[in-house]
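Hi,

Here is the structure I said I would pass on. Have a look at it first, and then read on for what turned up.

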Amino acid sequence: MSASTSAVPRWAGPRGGAPRRKQNGLPAPTLISRAAKGVLLAVCCLIVLGPFVAVISTSLADTAQVSRSGGLVLWPSHPTLDAYRAILAGGVVTRSLVISISITVVGTALSLTCTALLAYSLSRPGSFAGKPMLLAVLFTLLFTPGIIPSYLMVKELHLLNSYWSLILPVLVSGFNVIVMRAFFMELPRELLDAARIDGAGELATLCRVVLPLSKAVLAVVGLFYAVGYWNSFFHALLYLNDNSKWPLQLVLRTYVVNNSTLGVDQLSLSSTTPPPQQSLQMAILVISLVPIALVYPFLQRHFTKGVMIGAVKG
Amino acid sequence: MSSTSTAPDRLTAPTRKRLSWIGRAKRDRWLLLFGAPGMLAILLFSYIPLLGNVIAFKNYQPFLGIRDSPWSGLDNFDIILGGDPAFLNALENTLIITALQVIFVFPAPICLALMLNSLLSERLKRLVQNILYLPHFMSWVIVVAIFQQMLGNAGLLSNWLRQHGHSGIHLIGNSGLFKELLTSQVIWKDTGWGTILFLAALSHIDIQLYEASGVDGASRWRQLWHVTLPGIRSVIVLILILRLGDILTVGFEQIVLQQQAVGTNASEVLDTYVYNNGILAGNWGVSAAVGLVKGLLGVALVLAANKLAHVFGERGIYQS
């Protein structure tokens, strides 16, 4: 090492004498570096959160303020729920919202059931045909069938223009099966053996022993599926020709991204003047964010665990 | 329950005599039944569609169906082998976007994870993490809409600039900046989420290594270089390999959503080429051929990258 004797261990003691929490054995960072880090991270958070604040504000703003700003507003001066009332009054947006919620609920329930059953079946070492089945699941991680073959398959099964085309092709994700299987395999074997000695069959073991112990992984995998169904946009574009069947994401694309005018016809409004387009658009956006924002706080503590298992064991 | 009778031979597993395969299938009938719906879904929508790739060798006509469409040999591959300009354009765009993403998107979560890891307050770290994970759960439609509202011609930034006497800036719908726009959208959406694996790897580095290097007089930068980065090297390699396997796959939904505004010249990539040319324009066979070649190359790339990782003494994604 060079002659820098100034590098005398500064980690020797935290200033002020108060015992700091774990420091990873690193020397205490200088004030400047800590301030720089704080500013940088604050900027990152601002870049992520700022747009959401502007979007929500605009959805609540009234006509006068929107026309004055010419676009988004940063803070609503006279908050009003007119835009939400308009889009939830039973028009295009309301219908697509009902469709999206139904697909998400039905799809997530089916996906979670099939995934848990398959993962449990693969989690038992030495079971009949377990190895080839596991390999078949693992291989799906390496390739995707491609857009055209998938489309032809859906067409051959006569699922075009049916809501099932949004659920069945993505019913089971190999990655989620592997994550869940890894979690099941970490459960203490003694518990499973004890259940078996007590006379529990496979179904009882799964429902009464394995699943109650696996809430964390069920939560994370359930979230992944639900977010997938809720956010699904391309499958709907590909498989649904009839735009009265559109889920929310396609409505969002048409009226917000492509800027089509959301008129009185689409809103089925009885009132005379609809709220400003800008507010309506942002209200649709907010509505599409709400379900994710609602479940997020309950699930975030499980993220690391769920993702890590998949990464380490996959 | 009916499988009670299987308990004894499971418990005495080490000494049990080998059952015939029918016996084993019978013993595990419940497990097989459990696995059936999931396996059926995987078979139907991951494996059987592979057979659909046969239309890459046919002159597929939707009204004739897959079976009755005439064979056409390798005609459909002419645009790849012969270098059709539209195809080459899509290939070029794909590779440029991939390069941009490997250079700018890939290191971003590593830097962010290092920064988060050095935070002393556990609670602050958790808060920042939860904020930065959030955009990952937004759909591309939402992300694109938000970018338009912020940076578009009538967006927040342009309006603010105009109000302060500047001219608005043309960021969205500008074909010259389209690839940079895509890259920044990916960074906004997924950098936070990408830190999860790196943070977990960082927390597994032995603290004694830091203490020992500190005693030896290593500065924080030296510790970063000699302790931290080597400690997460295998995770970095792993994620890089997975990314390499996806070289030919770049933000399909993201691009489909924004293609109208900038035109295909700047925005067409292989996946959108297959979609636009095949499903929308009806050139089924040609597009299936492009999709097939892309898929095969993808698998080959993952295998090759994994091999490379083994050569460099890393674990890679699987051991052979």
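A quick definition before the results: I call two residues in contact if their C-beta atoms, placed from the backbone, lie within 7 Å. This is a predicted model, so local features need pLDDT of at least 70 and side-chain atom pairs count only at pLDDT 80 or more, while totals for chains, interfaces and linings use all residues. Residues are numbered from 1 along each chain as its sequence is written, with chains lettered from A and ligands numbered from 1 in the order in which they are written.

Starting with the interface: 90 residues of chain A are in contact with 84 residues of chain B. On the chain B side, helix H3 (residues 29-52) gives the most, with 16 residues. (Helices, H or I of at least four residues, and strands, E of at least two, are DSSP runs numbered from the N terminus.) That side of chain B splits into 52 nonpolar, 24 polar and eight charged residues; here Ala, Val, Leu, Ile, Met, Phe, Trp, Tyr, Cys and Pro are nonpolar, Asp, Glu, Lys and Arg are charged, and the others, Gly among them, are polar.

Both chains come out helical: chain A has 16 helices and zero strands, and chain B has 18 helices and zero strands. The C-alpha trace of chain B spans about 85 × 75 × 45 Å along its principal axes. For contacts between residues at least 6 apart in sequence, 72% in chain A join residues at least 24 apart; the figure for chain B is 63%.

On burial, I count a residue as buried if 20 or more other C-beta atoms lie within 10 Å of its own, exposed if 12 or fewer, and partly exposed in between, again with C-beta atoms placed from the backbone. By that count 40% of the 314 residues of chain A are buried, and 38% of the 320 in chain B.

Helix H6 (residues 147-156) of chain A is worth a look: eight of its ten residues are buried, including A:Tyr151 and A:Leu152. Its cover comes from both chains, and includes H7 and H12 of chain A along with H3, H4, H17 and H18 of chain B. Just after H6(A), A:His158 has a positive phi of about 60 degrees.

Which other residues have a positive phi without being a glycine? A:Asn161 does, at about 70 degrees, in the loop between H6 and H7 of chain A; with 12 C-beta neighbours inside 10 Å, A:Asn161 is exposed. A:Ala129 does too, at about 60 degrees.

Cheers
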